[in-house]
Amino acid sequence: MGEFIKKIVDLDESAVIEMVKNKVENNEDPLKILDEVKEAMKQIGEKFQNKEYFLPDLILSGEILRQILEILEPKLKEVQASEKKKGKVLLGTVAGDIHDIGKDVVKFMLDANGFEVLDLGVDVPANQFVEKVKEFKPQILALSGFLTLSFDSMKETIEKLKDAGLRESLKIMIGGGTVDDSIVEYVDADAYGESAVDAVNLANKWVGGD
Amino acid sequence: MSMFYHTEQAGYTKKEAMYEPQKLADAGLKVYPPLNLDMVPPLLGVFPGAVMDHLGSQFFKWPGAEDPKCKLDDNLPFQWVEGEYMKENEYEEILTDPTGFLIRKIIPRHHKKLNGFMMFLGLSSLANAYGTMIGIPAFFGMPSIQEMLKSIGQAAMKLFEYIKASNQYTKQMKELGFPVHFNLSVQAPYDIVSESLRGMRGTMLDMYHHPEELKALLKLLVPDSLMSTVMRAKLNQINPENNLVFIPLHRGADGFMSNEQFEEFYWPTLTAIMEGLIKNDLIPCPFFEGGYNDRLEYLGEFAKKYPGKMIYWFDKTDIFRAKELFGDHVAIKGNVPGSLMATGTPQQMEEYVKKIIEGCKEGGGFIVDGGVSGIIDEAKPENIKAMIDAVFKYGKY
């Protein structure tokens with residue numbers, strides 16, 4: 001593993017920022033830098049799965065990534081246009097629920113792992129999910145809900161997708177503090193994730209990739 | 001414990017529950033006695049909307065809010081608005097002058113109609129008798145502060161209405177033979193910082209960027225957290241025999257931090273408070289929301305230090321393992337899933353309750369309750385009946 005990747009995986013914030021600045025000064029290819037960052041994020045995800053890292057480490061890695069992207073920003077627009085994404089994920093917290101922290105971590109992890117994510121925000125009505133599925137054409141729908149009222153909102157959202165003939169075209173994951181296997185069955189989703197890393201693993205499994 | 005279950009069953013909207021304390025109380029008195037629970041939920045799980053309107057509270061959104069930014073549909077529950085109310089570069093200020101910082105900066109950020117507190121006297125003026133002689137009337141005499149005091153007065157009236165209804169409910173339940181679960185609550189200092197000051201993301205980053213300042217802030221919160229709870233217990237005239245202290249725990253669960261971070265930042269100040277409560281003859285009832293499977297060793301060690309003095313309430317933790325490790329030292333409560341209450345069948349509920357009773361009954365000290373804040377808002381009444389029936393069927397031994 002290269003030194004740069006190792007420093008990111010070790011969450012050595014000051015070393016990483018120093019290295020990125022040097023790379024930019026030396027005119028290194030920003031695509032290559034981002035590839036290494038993605039590899040580092042993948043390894044961070046593995047550490048999370050192995051319970052070496054926890055949510056604060058993911059948040060810190062997000063903060064490091066934010067600073068890296070800030071430094072790369074001048075070169076970033078070209079980079080983003082030419083970057084090939086693994087797949088598309090439509091994401092949102094369901095109607096009635098305004099919690100967003102977990103959803104935001106999922107968004108960041110999916111994005112960092114090569115997915116194109118459209119985040120509809122919080123308290124998203126079922127109809128809006130349906131419209132955006134038609135427009136954005138994601139392979140994956142990710143529904144977030146923290147409160148127990150989200151069970152019925154998730155169920156209603158998925159029923160409306162069925163009515164619109166869109167259910168078969170999608171894989172649906174759900175997540176949130178009170179969600180479990182029985183809720184997956186209740187709402188007719190495909191799976192649930194306990195963490196943002198689970199979301200990445202599910203997305204990779206469903207869309208190919210790793 | 002519950003929030004809106006009784007008002008849902010009584011046919012009230014969540015807005016009515018939050019704005020009409022009498023309906024909140026009446027619903028509880030109608031719904032809970034027939035269930036024959038050993039402890040009934042207090043009303044304190046539902047917050048008074050009118051108080052928050054008069055203060056211009058910004059840290060919640062709720063049904064019926066006057067401020068359009070805070071308003072939710074009539075049938076939605078109140079929800080926290082996460083934010084970094086305290087900024088990363090304000091640690092020095094809060095550690096140097098904690099109460100002054102909280103009064104002049106945090107209160108106005110939490111409640112926009114209390115902006116006037118930004119002008120409250122500073123440390124040196126408060127320490128100076130001449131300073132207060134001039135400064136106190138000067139501050140309170142300002143027209144804008146007089147207006148602010150009117151808002152506070154209106155909030156107080158609404159608060160007293162809510163407390164009166166809650167006290168009346170507690171008294172009536174007591175007369176019917178049903179003790180209310182708790183009157184007192186306190187929070188872990190880490191949760192106060194994470195929820196009300198720095199936000200979840202901010203506090204997590206602070207563990208890396210400002211560990212010593214964060215720990216200093218957490219320690220600062222311990223003495224008053226303890227003493228204010230002890231004082232409230234002493235002032236309780238309605239049911240002074242109820243010495244349970246509810247401690248909802250949010251941000252130290254599995255996944256939210258490593259064990260090392262738990263040991264360094266979350267656990268010491270929480271246990272300091274719990275020790276103090278025990279020494280003052282109060283019963284800590286920490287509600288370990290989420291899972292604490294990675295933390296059982298810490299919980300067990302503390303339970304063994306104070307056998308018979310606490311109730312540990314569990315949600316997603318392996319309750320059988322908890323019972324095995326420290327069930328001899330602490331009462332165990334839980335952990336019927338919210339998902340089962342809302343989407344399961346009475347048969348599934350009976351099977352679940354039978355399973356947890358059989359696994360946890362050895363030696364006594366087991367309390368059956370929901371793992372997600374007790375009885376959830378969306379619980380089907382037939383499932384709650386099945387839960388209670390199962391306790392009577394399998395819980396006698």
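Residues are numbered from 1 along each chain as its sequence is written, and chains are lettered from A, with ligands numbered from 1, in the order in which they are written. Because the model is predicted, local features need pLDDT of at least 70 and side-chain atom pairs count only at pLDDT 80 or more, while totals for chains, interfaces and linings use all residues.

**Chain and domain contacts**

Chain A meets chain B through 21 residues of chain A and 28 residues of chain B. Contact here means that the C-beta atoms of two residues, placed from the backbone, lie within 7 Å. On the side of chain A that touches chain B, the elements giving two or more residues are α4 (55-82) and α8 (181-187) of chain A. The largest share, five residues, comes from α4(A). Helices (H or I, at least four residues) and strands (E, at least two) are DSSP runs, numbered from the N terminus.

Chain A itself is divided into domain 1 (3-82) and domain 2 (87-207), with bounds that come from an automatic or database domain assignment. The C-alpha centres of these two domains of chain A lie 26 Å apart. Nine residues of domain 1 of chain A are in contact with 10 residues of domain 2 of chain A. On the domain 1 side, α3 (30-49) and α4 of chain A each give two or more residues, and α3(A) supplies the largest share, six residues.

Ala, Val, Leu, Ile, Met, Phe, Trp, Tyr, Cys and Pro count as nonpolar, Asp, Glu, Lys and Arg as charged, and the others, Gly among them, as polar.

| Contact | Residues by class |
|---|---|
| Side of chain A that touches chain B | 12 nonpolar, seven polar, two charged residues |
| Side of domain 1 of chain A that touches domain 2 of chain A | four nonpolar, three polar, two charged residues |
| Contact of α17(B) with α18(B) | nine nonpolar, one polar, three charged residues |

**Buried parts**

Phe146(A) lies in the loop between β3 (140-144) and α7 (150-163) of chain A. Phe146(A) is buried, with 23 other C-beta atoms within 10 Å. A residue is buried if 20 or more other C-beta atoms, placed from the backbone, lie within 10 Å of its own, exposed if 12 or fewer, and partly exposed in between. Not counting residues up to four places away in sequence, Phe146(A) touches Asp97(A), His99(A), Gly102(A), Gly176(A) and Gly177(A).

The largest nonpolar core has 167 residues, and among those with the most contacts inside it are Met109(A) and Tyr312(B). Such a core is a set of buried Ala, Val, Leu, Ile, Met, Phe, Trp, Tyr and Cys residues joined through C-beta atoms within 7 Å. Helix α13 (residues 259-279) of chain B gives this core its largest share, eight residues.

Helix α11 (residues 199-209) of chain B is largely enclosed by the rest of the structure, because eight of its 11 residues are buried. Among the buried residues of α11(B) are Met200(B), Arg201(B) and Asp206(B).

**A helix pair in chain B**

Helix α17 (residues 346-360) of chain B and helix α18 (residues 381-394) of chain B pack at an angle of about 35°, with their axes 8 Å apart. Axes are lines fitted to C-alpha atoms, for helices over the stretch in contact, and angles run from 0 to 180 degrees between N-to-C directions. Residues making the contact include Met349(B) and Val353(B) of α17(B) and Ala386(B) and Met387(B) of α18(B).
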